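Hi everyone, thanks for making time.

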Amino acid sequence: MKLTKTLLATTALTVAAGTAVTAQDMANSMTIVSWGGAYQDSQDKAYVQPYLAANSGVTATWDESSAEAVAKLRAMNEAGNVTWDLVDVVASDAMRLCDEGLALELDHDEVLAAAPDGTSASDDFGDLIVSDCFVPQIVYSTTFGYRTDMVPEGVEPPSTVCDVFDLAKYPGKRSLQKRPIDNMEWALYCDGVAKDEIYDVLGTDEGVDRALAKLGTIKDQVVWWSAGAETPQLLADGEVFIGSTYNGRLFSAIAEQNQPIAMMWDMQSFDLDGWIVPAGLPADRLARVMDFLKFATDTQRLADQAAYISYGPARASSAPLVGKHADLGIDMAPHMPTDPANAGNVHIYDYEWWADNRDDLDAKFQSWLAQ
Amino acid sequence: MNGFTLTPVETKPLSFALPVIGAAGGFAGLFVGTAHGSGAMGIAIGAVALILLAYLALVVFGLGQEKVTRWGIFALFVITGFLLAALPGIVLGVLSGLFFSWFIFWIGEGRYRANLAPYLTSGQVLWHYTFRVICGAIFVFLITPILVVMPLSFNAQNFFTFTPEMLRFDPAGYSLKHYQDFFTSSGWQQALRNSLAIAPVATLLSVSFGTLAAIGLSSEHVPFRRAIMAILISPMIVPLIISAAGMYFFYSRIGLQGTYFGVVLAHAALGIPFVIITVTATLVGFDRSLTRAAANMGADPVTTFFRVQMPLILPGVISGGLFAFITSFDEVVVVLFVGSANQQTLPWRMFTGLREQISPTILAVATILVVISIALLTTLEYLRRRSERLRGMSPG
């Protein structure tokens with residue numbers, strides 16, 4: 001199976017790469033799918049605008065549909081009409097799309113640029129290449145932010161994820177994502193399970209009940225969110241005291257919008273976001289998108305993106321190049337989830353475990369929510 | 001209301017007036033109390049305060065000094081409002097002061113019966129006013145969410161939040177930056193251009209086809225009129241998501257998905273039912289003998305249509321067209337399926353914007369759209385009245 005896949009991928013690539021890719025053979029427009037907002041802006045400024053400046057006559061259109069990328073790609077495939085050229089998805093979606101054959105398998109060393117010092121792309125990205133179809137772009141984390149002015153008097157600000165579960169010390173509403181991922185792990189961790197045993201415990205029915213029971217202690221104080229923009233909005237409103245969301249959203253609320261919010265990095269949950277190329281593109285569009293992909297994921301471009309948003313570049317060779325924020329002029333390195341000061345205690349989210357157990361736990365979590 | 005009273009008013013016993021006024025005070029106190037942390041305390045304070053005020057106004061000072069007492073109550077509310085919540089408190093104080101200074105005497109002196117027939121029972125009087133309150137509450141319920149959006153669109157911050165500066169009416173809390181963002185961001189401008197390019201063409205198609213269909217279906221010799229009518233109106237009845245999914249797969253096969261023309265066609269299909277319904281309604285009042293008279297004088301059917309029939313049914317055609325325009329301009333579900341990123345319309349952008357980043361630019365756009373919709377509906381209403389006047393259906 002694995003071998004066939006690799007063979008197929010290699011053939012596809014030889015076709016793409018071997019037919020002497022010249023500008024004439026490339027399509028002149030691309031539709032790139034992303035998440036909208038500040039994140040898409042950062043991609044536009046760091047990748048797309050420089051590319052368009054270097055390739056006159058090419059146009060790029062953004063489609064803010066990453067949230068429903070899997071469903072839409074399935075529909076496009078069924079209708080035989082794939083209108084997207086490059087899609088930004090989280091790693092778990094990339095794995096699903098790859099398994100379903102909706103995303104093109106890539107030979108990373110073949111299609112991506114090597115690091116400036118000659119390190120091959122696959123070594124430069126390292127473990128972050130979690131799927132053959134996936135080109136990692138950034139490391140982001142789901143972590144907590146809290147209202148500095150709502151910390152009770154005489155109490156030090158929250159510093160561990162277990163403070164989220166401590167209603168006596170930190171009263172007030174919390175916002176958590178409406179899904180079991182991360183929440184279950186945090187609950188078990190705060191219920192006294194050692195970090196490296198979390199998934200073993202969660203694999204049993206008693207473990208699931210234990211996690212839900214721990215979440216149950218704060219359930220009536222939780223506002224459940226489903227879009228990343230909700231927690232910053234709730235924090236800005238003072239509706240919640242502490243809430244989880246993507247670290248870049250919190251950075252934007254704190255540094256760009258000057259809200260009285262502070263980060264709490266303890267047990268932040270790392271995740272990856274990156275590109276996939278839809279399967280079944282015509283040769284001219286495929287050639288164009290491969291050309292763009294090589295440009296947009298080189299060492300410098302990934303480092304450039306960090307000037308606009310506080311997500312860590314996925315290439316090891318990009319880290320030393322991370323500079324200052326483009327508008328605010330502050331050093332971006334301390335705001336990266338990967339910065340050593342922030343990554344003291346990190347929760348490593350297990351993709352494979354969740355791929356196997358997600359449907360089951362989703363159902364249990366939803367029925368628990370409805371109780 | 002209009003100067004004379006149907007029923008002579010009489011002072012009501014305190015055993016009736018005080019509890020009613022107290023209940024109203026408690027209800028108002030509930031909101032103030034909740035805003036300050038304790039609803040129960042608010043109810044208690046509100047009820048006691050209002051009973052006290054009513055006693056003072058009705059018994060101690062009496063009717064003779066009504067004007068002075070009213071001003072006194074009004075001032076008291078404004079000052080309390082100011083003490084509780086500064087400037088916004090004054091606004092609420094003015095409103096509640098005006099209400100309660102009137103309400104105490106209205107209840108206490110039995111004035112609520114003045115405009116009602118004398119033979120009504122207490123129950124009927126109660127229902128008369130309850131009904132009005134319910135109607136008012138529904139109106140408030142419908143309109144408040146729209147009104148709340150408008151001040152928020154002038155927020156100086158990037159959140160959907162009434163900041164303390166806004167509540168103090170501090171100019172620093174307000175800004176036009178979200179409007180500026182709308183008018184300068186290429187994404188929003190592209191969406192506006194797309195909406196403006198799609199809606200008028202879709203409207204034109206709906207109006208042409210819808211009017212023709214309505215005229216055809218209103219002549220008696222057409223077979224299967226009802227069935228054809230039902231099919232043409234079905235886009236209005238079938239859930240939008242079903243039409244959208246169907247159109248997606250159908251348009252994909254024939255190469256229309258993701259094209260400008262595809263979106264226009266889809267929106268035209270959604271707009272046609274509105275045109276058919278309004279034009280059919282207008283045609284009911286159209287005298288068919290006029291077309292025969294025109295034919296008698298040598299006009300061919302096309303000339304008859306444009307010179308005789310069209311001018312008479314024009315108001316119906318225009319109002320149908322306006323509905324079709326608003327349908328296309330507001331539509332998000334079908335365009336998400338049938339369109340591609342190049343055809344992003346305003347509602348599409350607002351939809352994704354709400355999901356991915358809660359930015360008040362959406363509120364600015366919403367405010368602009370509300371203003372446009374009000375302008376369109378006002379035109380519509382004006383045309384309707386004009387058509388009624390022309391057809392002699394209303395004096396005006």
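Predicted model: local features only at pLDDT ≥ 70, side-chain atom pairs only at ≥ 80, totals over all residues.

Okay, chain B. It has 15 helices and zero strands. Its radius of gyration comes out at 29 Å, whereas the globule rule gives 21 Å for 396 residues, so chain B is more spread out than a compact globule. You can see that in the box its C-alpha atoms fill, roughly 85 × 55 × 30 Å along the principal axes. As for burial, 34% of the 396 residues of chain B count as buried. And if you take the contacts in chain B with a separation of 6 or more, 69% of them are between residues 24 or more positions apart.

How many of its residues are buried? The count is 13 of the 13, so strand 4 of chain A is largely enclosed by the rest of the structure.

Who does strand 4 of chain A pair with? One partner is strand 8 of chain A, residues 261-276, joined to it by eleven bridges and running antiparallel. If you want a pair to look for there, S141(A) has F270(A) as its bridge partner. Strand 7 of chain A, residues 242-246, is also antiparallel to strand 4, with five bridges, and in that pairing G145(A) is partnered by G243(A).

Next, where the chains meet. The contact takes 21 residues from chain A and 19 residues from chain B. On the chain A side, helix 2 (37-54), strand 2 (59-63), helix 3 (69-79) and helix 10 (230-237) each supply at least two residues. By class, that side of chain A has nine nonpolar, nine polar and three charged residues.

On to the cores. The largest nonpolar core has 84 residues, and among those touching the most other members are L188(A), Y189(A), M247(B) and I276(B). Which element gives this core its largest share? That's helix 10 of chain B, residues 260-284, with eleven residues. Zoom in on Y189(A): leaving out residues up to four places away in sequence, Y189(A) touches V161(A), K195(A), I198(A) and M267(A). There's also a second, separate core of 59 residues, including A121(A), F134(A), L286(A) and I309(A).

Last stop, Q157(B). Where does it sit? In the loop between helix 4 (122-152) and helix 5 (164-167) of chain B. Is Q157(B) buried or exposed? There are 20 other C-beta atoms within 10 Å, so Q157(B) is buried. Setting aside neighbours within four places in sequence, Q157(B) is in contact with T163(B) and with Q257(A). And look at S359(B): along the chain it is 202 residues apart from Q157(B), yet their C-alpha atoms are separated by 9.2 Å.

Methods:
Residues numbered from 1 in each chain as written. Chains lettered and ligands numbered in written order. Contact = placed C-beta atoms within 7 Å. Helix = DSSP H or I, 4+ residues; strand = E, 2+ residues; numbered from the N terminus. Nonpolar A, V, L, I, M, F, W, Y, C, P; charged D, E, K, R; others polar. Core = buried A, V, L, I, M, F, W, Y, C linked by C-beta atoms within 7 Å. Buried ≥ 20, exposed ≤ 12 C-beta atoms within 10 Å, placed from the backbone. Pairing = 2+ DSSP bridges. Rg over C-alpha atoms; globule rule 2.2 N^0.38 Å.
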